[in-house]
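Have the sequence and the 3D view at hand as you read.

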Amino acid sequence: MSCEIYNGGLMFKKSLYFLSILSFFLLLSSYAKAGVDAEVAYILNTFSFLVCGFLVMWMAAGFLFLESGLVTTRSVSTIAAKNIGKFAIVSIVFYLFGYNLGYGIPEGGYIGSFSIWTDNTSIETGYSDASDWFFQALFVCATVSIVSGAVAERIKIWPFFAFAAILGGFIYPIQMGWEWGGGWLDALGFSDFAGSTLVHACGGSAALAGVILLGPRVGRFSESGEPANMAPFAPSSIPLVTLGTFILWMGWYGFNGGSQLALGSYEDATAMSKIFMNTQLAACGGCMAGATITRLIGGKTDIVMMLNGALAGLVSITAEPLMPSPLLSIFIGAIGGVIMFYGTQLLNSLKLDDVVGAIPVHMFAGIWGTLIVPFTNPDASYAIQLLGVVSVCLFVFTLSYIVIYLLKISMGLRISEEAEKLGTDKAEIGVVAYSIRD
(Lines give C-alpha, C1' and ligand atoms only; values in the text may rest on other atoms or scores of the structure.)
Protein backbone atom coordinates (compact mmCIF):
# COMPACT_ATOMS: atom_id res chain seq x y z
CA MET A 1 0.00 0.00 0.00
CA SER A 2 2.79 2.38 0.93
CA CYS A 3 4.55 1.51 -2.33
CA GLU A 4 1.44 2.48 -4.32
CA ILE A 5 1.19 5.77 -2.44
CA TYR A 6 4.87 6.42 -3.11
CA ASN A 7 4.51 5.67 -6.83
CA GLY A 8 1.39 7.81 -7.02
CA GLY A 9 3.18 10.70 -5.36
CA LEU A 10 6.14 10.27 -7.69
CA MET A 11 3.88 10.36 -10.74
CA PHE A 12 2.18 13.47 -9.39
CA LYS A 13 5.54 15.19 -8.91
CA LYS A 14 6.64 14.24 -12.43
CA SER A 15 3.36 15.51 -13.87
CA LEU A 16 3.70 18.76 -11.93
CA TYR A 17 7.28 19.11 -13.13
CA PHE A 18 6.24 18.51 -16.73
CA LEU A 19 3.39 21.03 -16.46
CA SER A 20 5.77 23.59 -14.97
CA ILE A 21 8.22 23.16 -17.86
CA LEU A 22 5.39 23.34 -20.38
CA SER A 23 4.00 26.47 -18.75
CA PHE A 24 7.43 28.07 -18.78
CA PHE A 25 7.88 27.52 -22.51
CA LEU A 26 4.34 28.68 -23.26
CA LEU A 27 4.99 31.82 -21.23
CA LEU A 28 8.34 32.34 -22.99
CA SER A 29 6.64 31.89 -26.35
CA SER A 30 3.92 34.41 -25.66
CA TYR A 31 6.51 36.79 -24.17
CA ALA A 32 8.65 36.58 -27.31
CA LYS A 33 5.64 37.22 -29.54
CA ALA A 34 4.60 40.21 -27.51
CA GLY A 35 8.17 41.56 -27.35
CA VAL A 36 9.98 42.76 -24.25
CA ASP A 37 8.55 45.60 -22.22
CA ALA A 38 10.26 48.98 -22.05
CA GLU A 39 12.20 48.28 -18.87
CA VAL A 40 13.59 44.96 -20.11
CA ALA A 41 14.56 46.57 -23.43
CA TYR A 42 16.26 49.39 -21.49
CA ILE A 43 18.28 46.86 -19.48
CA LEU A 44 19.32 44.84 -22.53
CA ASN A 45 20.26 47.91 -24.57
CA THR A 46 22.26 49.39 -21.70
CA PHE A 47 23.97 46.05 -21.12
CA SER A 48 24.89 45.91 -24.81
CA PHE A 49 26.50 49.36 -24.66
CA LEU A 50 28.50 48.43 -21.57
CA VAL A 51 29.72 45.04 -22.80
CA CYS A 52 30.54 46.26 -26.31
CA GLY A 53 32.13 49.35 -24.76
CA PHE A 54 34.65 47.41 -22.75
CA LEU A 55 35.44 45.31 -25.83
CA VAL A 56 36.25 48.57 -27.64
CA MET A 57 38.21 49.72 -24.58
CA TRP A 58 40.39 46.59 -24.91
CA MET A 59 41.35 47.83 -28.38
CA ALA A 60 43.55 50.34 -26.55
CA ALA A 61 45.69 47.39 -25.48
CA GLY A 62 45.65 46.15 -29.06
CA PHE A 63 46.97 49.46 -30.38
CA LEU A 64 49.61 49.47 -27.64
CA PHE A 65 50.91 46.01 -28.53
CA LEU A 66 50.71 46.61 -32.27
CA GLU A 67 52.65 49.86 -32.10
CA SER A 68 55.15 48.56 -29.54
CA GLY A 69 55.90 45.59 -31.75
CA LEU A 70 56.36 47.61 -34.93
CA VAL A 71 58.65 50.33 -33.54
CA THR A 72 62.28 49.65 -32.71
CA THR A 73 63.39 48.57 -29.25
CA ARG A 74 64.42 52.18 -28.54
CA SER A 75 60.83 53.44 -28.54
CA VAL A 76 58.57 50.86 -26.88
CA SER A 77 58.25 52.63 -23.52
CA THR A 78 57.36 55.91 -25.23
CA ILE A 79 54.59 54.11 -27.13
CA ALA A 80 53.23 52.90 -23.79
CA ALA A 81 53.31 56.41 -22.34
CA LYS A 82 51.61 57.90 -25.40
CA ASN A 83 48.84 55.30 -25.39
CA ILE A 84 47.91 55.56 -21.73
CA GLY A 85 48.25 59.36 -21.79
CA LYS A 86 46.05 59.98 -24.79
CA PHE A 87 43.48 57.50 -23.43
CA ALA A 88 43.09 59.62 -20.30
CA ILE A 89 43.26 63.01 -22.04
CA VAL A 90 40.76 62.18 -24.77
CA SER A 91 38.22 60.74 -22.33
CA ILE A 92 38.35 63.90 -20.20
CA VAL A 93 37.90 66.35 -23.09
CA PHE A 94 35.15 64.22 -24.61
CA TYR A 95 33.30 64.46 -21.30
CA LEU A 96 33.90 68.20 -20.88
CA PHE A 97 32.74 69.29 -24.32
CA GLY A 98 33.40 66.74 -27.09
CA TYR A 99 30.23 64.71 -26.63
CA ASN A 100 27.89 67.70 -26.94
CA LEU A 101 29.84 69.14 -29.86
CA GLY A 102 28.94 65.97 -31.73
CA TYR A 103 25.56 64.99 -30.33
CA GLY A 104 24.21 68.47 -29.63
CA ILE A 105 24.02 69.39 -33.33
CA PRO A 106 20.69 70.84 -34.52
CA GLU A 107 18.98 68.63 -37.10
CA GLY A 108 20.82 69.08 -40.40
CA GLY A 109 23.39 71.35 -38.74
CA TYR A 110 27.16 71.50 -38.55
CA ILE A 111 28.27 71.84 -34.93
CA GLY A 112 26.82 71.19 -31.51
CA SER A 113 27.15 73.06 -28.23
CA PHE A 114 30.31 73.70 -26.25
CA SER A 115 29.04 72.29 -22.97
CA ILE A 116 29.70 69.56 -20.44
CA TRP A 117 27.95 66.19 -20.73
CA THR A 118 24.79 65.90 -18.64
CA ASP A 119 22.77 62.84 -17.71
CA ASN A 120 19.20 63.02 -19.02
CA THR A 121 18.45 59.33 -18.66
CA SER A 122 14.86 58.17 -18.80
CA ILE A 123 13.30 54.86 -19.70
CA GLU A 124 11.92 56.42 -22.88
CA THR A 125 15.42 56.86 -24.34
CA GLY A 126 15.80 53.07 -24.34
CA TYR A 127 19.22 53.01 -22.63
CA SER A 128 21.27 54.74 -19.97
CA ASP A 129 22.86 57.99 -21.11
CA ALA A 130 26.03 57.12 -19.21
CA SER A 131 26.35 53.82 -21.09
CA ASP A 132 26.04 55.72 -24.38
CA TRP A 133 28.72 58.22 -23.33
CA PHE A 134 30.99 55.35 -22.31
CA PHE A 135 30.56 53.58 -25.65
CA GLN A 136 31.06 56.72 -27.73
CA ALA A 137 34.07 57.92 -25.72
CA LEU A 138 35.93 54.74 -26.51
CA PHE A 139 35.38 55.33 -30.23
CA VAL A 140 37.20 58.65 -30.04
CA CYS A 141 40.01 56.99 -28.06
CA ALA A 142 40.41 54.53 -30.94
CA THR A 143 40.50 57.39 -33.45
CA VAL A 144 43.38 59.13 -31.71
CA SER A 145 45.26 55.82 -31.35
CA ILE A 146 45.49 55.66 -35.15
CA VAL A 147 47.67 58.78 -35.14
CA SER A 148 49.99 57.54 -32.41
CA GLY A 149 51.59 54.73 -34.39
CA ALA A 150 51.96 56.66 -37.63
CA VAL A 151 54.08 59.42 -36.06
CA ALA A 152 56.08 57.18 -33.75
CA GLU A 153 59.81 57.41 -33.00
CA ARG A 154 60.32 61.09 -33.73
CA ILE A 155 57.47 63.15 -32.20
CA LYS A 156 57.76 64.81 -28.80
CA ILE A 157 55.34 63.37 -26.30
CA TRP A 158 53.68 66.56 -25.02
CA PRO A 159 52.91 68.08 -28.43
CA PHE A 160 51.32 64.71 -29.21
CA PHE A 161 49.22 64.96 -26.05
CA ALA A 162 48.15 68.48 -27.03
CA PHE A 163 47.10 67.34 -30.48
CA ALA A 164 45.28 64.34 -28.98
CA ALA A 165 43.19 66.72 -26.87
CA ILE A 166 42.26 68.86 -29.88
CA LEU A 167 41.52 65.90 -32.15
CA GLY A 168 39.46 64.11 -29.51
CA GLY A 169 37.75 67.18 -28.10
CA PHE A 170 37.04 69.23 -31.23
CA ILE A 171 37.93 67.80 -34.64
CA TYR A 172 36.54 64.29 -34.24
CA PRO A 173 33.26 65.24 -32.50
CA ILE A 174 32.35 67.88 -35.09
CA GLN A 175 32.70 65.63 -38.14
CA MET A 176 31.21 62.66 -36.29
CA GLY A 177 28.12 64.73 -35.49
CA TRP A 178 27.56 65.45 -39.16
CA GLU A 179 26.32 61.86 -39.46
CA TRP A 180 25.76 60.23 -36.06
CA GLY A 181 24.58 63.43 -34.39
CA GLY A 182 21.90 64.10 -36.99
CA GLY A 183 23.91 66.76 -38.85
CA TRP A 184 23.99 67.75 -42.50
CA LEU A 185 25.48 64.51 -43.86
CA ASP A 186 22.81 62.48 -42.08
CA ALA A 187 20.14 64.72 -43.58
CA LEU A 188 21.55 64.03 -47.06
CA GLY A 189 21.49 60.25 -46.49
CA PHE A 190 25.18 59.55 -45.86
CA SER A 191 25.66 56.10 -44.32
CA ASP A 192 28.56 54.98 -42.12
CA PHE A 193 27.31 52.30 -39.74
CA ALA A 194 30.25 52.06 -37.33
CA GLY A 195 32.84 54.51 -38.66
CA SER A 196 34.91 53.45 -41.67
CA THR A 197 35.11 57.16 -42.43
CA LEU A 198 33.99 58.89 -39.22
CA VAL A 199 36.50 56.97 -37.09
CA HIS A 200 39.11 55.31 -39.30
CA ALA A 201 39.49 57.67 -42.26
CA CYS A 202 39.28 60.52 -39.75
CA GLY A 203 42.20 59.10 -37.76
CA GLY A 204 44.07 58.28 -40.95
CA SER A 205 43.63 61.82 -42.30
CA ALA A 206 45.00 63.30 -39.08
CA ALA A 207 47.89 60.83 -39.21
CA LEU A 208 48.67 61.90 -42.79
CA ALA A 209 48.95 65.53 -41.72
CA GLY A 210 51.29 64.54 -38.89
CA VAL A 211 53.50 62.36 -41.07
CA ILE A 212 53.87 65.11 -43.69
CA LEU A 213 54.81 67.78 -41.16
CA LEU A 214 57.15 65.55 -39.15
CA GLY A 215 59.05 64.07 -42.06
CA PRO A 216 60.56 60.57 -42.08
CA ARG A 217 62.80 59.09 -39.42
CA VAL A 218 66.50 59.78 -39.96
CA GLY A 219 67.84 57.32 -42.53
CA ARG A 220 64.47 55.79 -43.30
CA PHE A 221 64.63 56.47 -47.05
CA SER A 222 67.50 56.49 -49.52
CA GLU A 223 68.17 59.30 -51.96
CA SER A 224 66.18 57.49 -54.64
CA GLY A 225 63.12 57.42 -52.41
CA GLU A 226 63.25 53.69 -51.79
CA PRO A 227 63.11 52.45 -48.18
CA ALA A 228 66.63 52.15 -46.81
CA ASN A 229 68.07 49.04 -45.22
CA MET A 230 65.41 48.05 -42.72
CA ALA A 231 67.86 46.64 -40.16
CA PRO A 232 68.03 49.88 -38.10
CA PHE A 233 64.22 50.03 -38.19
CA ALA A 234 63.47 46.39 -37.50
CA PRO A 235 60.22 45.81 -35.53
CA SER A 236 60.91 45.07 -31.88
CA SER A 237 58.58 42.04 -31.74
CA ILE A 238 56.45 40.42 -34.44
CA PRO A 239 54.65 38.20 -31.87
CA LEU A 240 53.69 41.40 -30.03
CA VAL A 241 52.31 42.88 -33.27
CA THR A 242 50.34 39.69 -33.84
CA LEU A 243 48.93 39.77 -30.31
CA GLY A 244 47.92 43.39 -30.81
CA THR A 245 46.17 42.50 -34.04
CA PHE A 246 44.21 39.70 -32.39
CA ILE A 247 43.15 42.01 -29.56
CA LEU A 248 42.04 44.68 -32.04
CA TRP A 249 40.17 41.99 -33.98
CA MET A 250 38.36 40.94 -30.80
CA GLY A 251 37.53 44.55 -29.93
CA TRP A 252 36.03 45.02 -33.37
CA TYR A 253 33.11 42.75 -32.43
CA GLY A 254 32.13 45.37 -29.88
CA PHE A 255 32.99 48.18 -32.27
CA ASN A 256 30.71 46.95 -35.05
CA GLY A 257 28.22 44.88 -33.07
CA GLY A 258 27.64 47.56 -30.47
CA SER A 259 26.86 50.06 -33.23
CA GLN A 260 23.55 48.27 -33.69
CA LEU A 261 22.79 50.41 -30.60
CA ALA A 262 20.19 47.98 -29.27
CA LEU A 263 19.75 44.41 -28.07
CA GLY A 264 16.17 44.59 -26.83
CA SER A 265 14.42 42.74 -29.63
CA TYR A 266 14.58 39.66 -31.84
CA GLU A 267 15.57 41.84 -34.80
CA ASP A 268 18.41 43.53 -32.91
CA ALA A 269 19.85 40.27 -31.57
CA THR A 270 19.71 38.70 -35.04
CA ALA A 271 21.32 41.76 -36.63
CA MET A 272 24.12 41.83 -34.06
CA SER A 273 24.85 38.16 -34.68
CA LYS A 274 25.16 38.75 -38.43
CA ILE A 275 27.39 41.77 -37.82
CA PHE A 276 29.75 39.62 -35.74
CA MET A 277 29.85 37.01 -38.52
CA ASN A 278 30.51 39.51 -41.32
CA THR A 279 33.16 41.27 -39.24
CA GLN A 280 34.97 37.98 -38.73
CA LEU A 281 34.89 37.01 -42.40
CA ALA A 282 35.99 40.43 -43.68
CA ALA A 283 39.07 40.29 -41.45
CA CYS A 284 39.88 36.83 -42.77
CA GLY A 285 39.52 38.05 -46.36
CA GLY A 286 41.89 40.94 -45.72
CA CYS A 287 44.44 38.71 -44.00
CA MET A 288 44.56 36.21 -46.85
CA ALA A 289 44.73 39.00 -49.43
CA GLY A 290 47.84 40.33 -47.67
CA ALA A 291 49.37 36.85 -47.61
CA THR A 292 48.57 36.10 -51.25
CA ILE A 293 49.65 39.36 -52.83
CA THR A 294 53.01 39.46 -51.03
CA ARG A 295 53.71 35.87 -52.05
CA LEU A 296 52.82 36.52 -55.69
CA ILE A 297 54.73 39.79 -56.00
CA GLY A 298 57.71 39.35 -53.70
CA GLY A 299 58.03 35.59 -53.44
CA LYS A 300 57.75 35.74 -49.63
CA THR A 301 54.75 35.75 -47.32
CA ASP A 302 54.93 39.03 -45.39
CA ILE A 303 53.54 38.61 -41.87
CA VAL A 304 53.12 42.38 -41.35
CA MET A 305 51.06 42.61 -44.54
CA MET A 306 48.94 39.70 -43.31
CA LEU A 307 48.30 41.46 -40.01
CA ASN A 308 47.62 44.84 -41.58
CA GLY A 309 45.50 43.07 -44.20
CA ALA A 310 43.27 41.69 -41.45
CA LEU A 311 42.93 45.17 -39.95
CA ALA A 312 42.20 46.67 -43.38
CA GLY A 313 39.47 44.06 -43.86
CA LEU A 314 37.97 45.04 -40.52
CA VAL A 315 38.07 48.73 -41.40
CA SER A 316 36.49 48.04 -44.81
CA ILE A 317 33.44 46.23 -43.41
CA THR A 318 32.87 48.76 -40.64
CA ALA A 319 30.84 51.15 -42.80
CA GLU A 320 28.21 48.47 -43.47
CA PRO A 321 28.65 45.20 -41.55
CA LEU A 322 24.98 44.19 -41.59
CA MET A 323 23.74 44.22 -45.18
CA PRO A 324 26.42 42.25 -47.10
CA SER A 325 26.22 38.49 -47.43
CA PRO A 326 29.00 36.50 -45.72
CA LEU A 327 30.64 35.80 -49.10
CA LEU A 328 30.52 39.46 -50.06
CA SER A 329 32.01 40.38 -46.68
CA ILE A 330 35.05 38.24 -47.50
CA PHE A 331 35.36 40.06 -50.84
CA ILE A 332 35.04 43.53 -49.25
CA GLY A 333 37.71 42.65 -46.70
CA ALA A 334 40.03 41.17 -49.34
CA ILE A 335 39.83 44.30 -51.50
CA GLY A 336 40.63 46.32 -48.38
CA GLY A 337 43.74 44.19 -47.92
CA VAL A 338 44.85 44.81 -51.52
CA ILE A 339 44.26 48.55 -51.14
CA MET A 340 46.32 48.52 -47.95
CA PHE A 341 49.24 46.81 -49.72
CA TYR A 342 49.39 49.23 -52.65
CA GLY A 343 48.71 52.17 -50.33
CA THR A 344 51.78 51.21 -48.31
CA GLN A 345 53.88 51.16 -51.47
CA LEU A 346 52.47 54.57 -52.46
CA LEU A 347 53.50 56.14 -49.15
CA ASN A 348 56.99 54.70 -49.47
CA SER A 349 57.33 56.14 -52.97
CA LEU A 350 56.34 59.54 -51.58
CA LYS A 351 58.84 59.22 -48.67
CA LEU A 352 56.02 59.40 -46.13
CA ASP A 353 57.13 57.46 -43.08
CA ASP A 354 54.06 55.83 -41.52
CA VAL A 355 55.67 53.52 -38.96
CA VAL A 356 52.73 51.13 -38.47
CA GLY A 357 50.89 51.53 -41.79
CA ALA A 358 48.02 53.41 -40.15
CA ILE A 359 47.19 55.54 -43.20
CA PRO A 360 46.75 52.65 -45.68
CA VAL A 361 44.91 50.53 -43.11
CA HIS A 362 42.57 53.15 -41.71
CA MET A 363 42.26 55.95 -44.25
CA PHE A 364 42.55 54.13 -47.59
CA ALA A 365 40.61 51.03 -46.54
CA GLY A 366 38.11 53.22 -44.68
CA ILE A 367 37.37 55.21 -47.82
CA TRP A 368 36.90 51.98 -49.80
CA GLY A 369 34.54 50.56 -47.18
CA THR A 370 32.42 53.71 -47.17
CA LEU A 371 32.20 54.03 -50.94
CA ILE A 372 31.07 50.41 -51.42
CA VAL A 373 28.12 50.75 -49.00
CA PRO A 374 25.48 51.42 -51.73
CA PHE A 375 26.37 48.09 -53.34
CA THR A 376 24.56 46.32 -50.51
CA ASN A 377 22.49 49.11 -48.95
CA PRO A 378 19.84 50.39 -51.39
CA ASP A 379 19.14 53.40 -49.17
CA ALA A 380 22.65 54.77 -49.75
CA SER A 381 23.88 56.79 -52.72
CA TYR A 382 27.33 56.61 -54.32
CA ALA A 383 27.34 60.39 -54.83
CA ILE A 384 26.45 61.14 -51.21
CA GLN A 385 28.96 58.58 -49.94
CA LEU A 386 31.68 60.26 -52.01
CA LEU A 387 30.62 63.69 -50.75
CA GLY A 388 30.79 62.46 -47.16
CA VAL A 389 34.23 60.90 -47.57
CA VAL A 390 35.71 63.96 -49.26
CA SER A 391 34.13 66.36 -46.73
CA VAL A 392 35.33 64.44 -43.67
CA CYS A 393 38.84 63.74 -44.95
CA LEU A 394 39.44 67.30 -46.13
CA PHE A 395 38.02 68.78 -42.92
CA VAL A 396 40.09 66.55 -40.64
CA PHE A 397 43.29 66.78 -42.71
CA THR A 398 43.10 70.58 -43.02
CA LEU A 399 42.39 71.28 -39.35
CA SER A 400 44.93 68.68 -38.22
CA TYR A 401 47.59 70.17 -40.49
CA ILE A 402 46.94 73.65 -39.10
CA VAL A 403 46.97 72.50 -35.47
CA ILE A 404 50.10 70.38 -35.87
CA TYR A 405 51.86 73.20 -37.73
CA LEU A 406 51.03 75.63 -34.90
CA LEU A 407 52.36 73.12 -32.39
CA LYS A 408 55.49 72.76 -34.49
CA ILE A 409 56.28 76.49 -34.46
CA SER A 410 55.28 76.99 -30.81
CA MET A 411 56.11 73.92 -28.71
CA GLY A 412 58.34 72.19 -31.20
CA LEU A 413 57.20 68.93 -32.73
CA ARG A 414 60.16 66.71 -33.37
CA ILE A 415 63.01 65.50 -31.17
CA SER A 416 66.56 66.28 -32.26
CA GLU A 417 68.50 64.02 -34.62
CA GLU A 418 70.83 63.08 -31.79
CA ALA A 419 67.90 62.21 -29.52
CA GLU A 420 66.32 60.20 -32.33
CA LYS A 421 69.45 58.09 -32.64
CA LEU A 422 69.41 57.49 -28.90
CA GLY A 423 65.72 56.59 -29.06
CA THR A 424 62.58 58.27 -27.77
CA ASP A 425 62.59 56.08 -24.67
CA LYS A 426 65.76 57.71 -23.40
CA ALA A 427 65.18 61.16 -24.91
CA GLU A 428 61.53 61.65 -23.96
CA ILE A 429 60.72 59.60 -20.87
CA GLY A 430 64.08 58.51 -19.49
CA VAL A 431 63.57 54.77 -19.74
CA VAL A 432 66.59 52.74 -20.86
CA ALA A 433 66.52 49.00 -21.48
CA TYR A 434 69.62 47.24 -20.13
CA SER A 435 70.69 43.74 -21.01
CA ILE A 436 71.55 41.20 -18.29
CA ARG A 437 75.26 41.66 -19.05
CA ASP A 438 74.98 45.42 -18.47
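In this predicted model, the count of disulfides comes to zero, a disulfide being a pair of cysteine sulfur atoms within 2.5 Å. Take Cys202: the nearest cysteine sulfur belongs to Cys393 and is 8.4 Å away, so Cys202 is in no disulfide under that cut-off. Cys202 is also buried, at 0% relative accessibility. Cys287 is likewise in no disulfide, and for this residue the nearest cysteine sulfur is that of Cys284, 7.2 Å away. With a relative accessible area of 16%, Cys287 counts as buried because the limit is under 20%.

Now turn to a pair of helices. Helix 10 (residues 303-317) and helix 12 (residues 358-371) have axes that come within 8 Å and cross at roughly 40°. That angle makes helix 10 oblique to helix 12, and their crossing is right-handed. On the helix 10 side, the residues that meet helix 12 are Asn308, Leu311, Ala312, Val315 and Ser316; their partners in helix 12 are Val361, His362, Ala365, Gly366, Trp368 and Gly369.

Finally, look for Val389 in helix 13 (residues 382-410). Val389 is buried, its relative accessible area being 5%. Beyond its neighbours within four places in sequence, Val389 is in contact with Phe190, Thr197, Ile367, Thr370 and Leu371. Ala201 lies 188 residues from Val389 along the chain, yet their C-alpha atoms are separated by 8.1 Å.

How values were computed:
Residues are numbered from 1 along each chain as its sequence is written. This is a predicted model: local features need pLDDT of at least 70, side-chain atom pairs count only at pLDDT 80 or more; totals for chains, interfaces and linings use all residues. Side-chain values use heavy atoms; hydrogens and water are left out. Helices (H or I, at least four residues) and strands (E, at least two) are DSSP runs, numbered from the N terminus. Buried means under 20% relative accessible area, exposed over 50%, partly exposed in between (1.4 Å probe, protein chains only). Contact means heavy atoms within 4.5 Å. Axes are lines fitted to C-alpha atoms, for helices over the stretch in contact, and angles run from 0 to 180 degrees between N-to-C directions. Angles under 35 degrees count as roughly parallel, over 145 as roughly antiparallel, 65 to 115 as roughly perpendicular and the rest as oblique. A crossing is left-handed if the near helix is turned anticlockwise from the far one by less than a right angle, and right-handed if clockwise.
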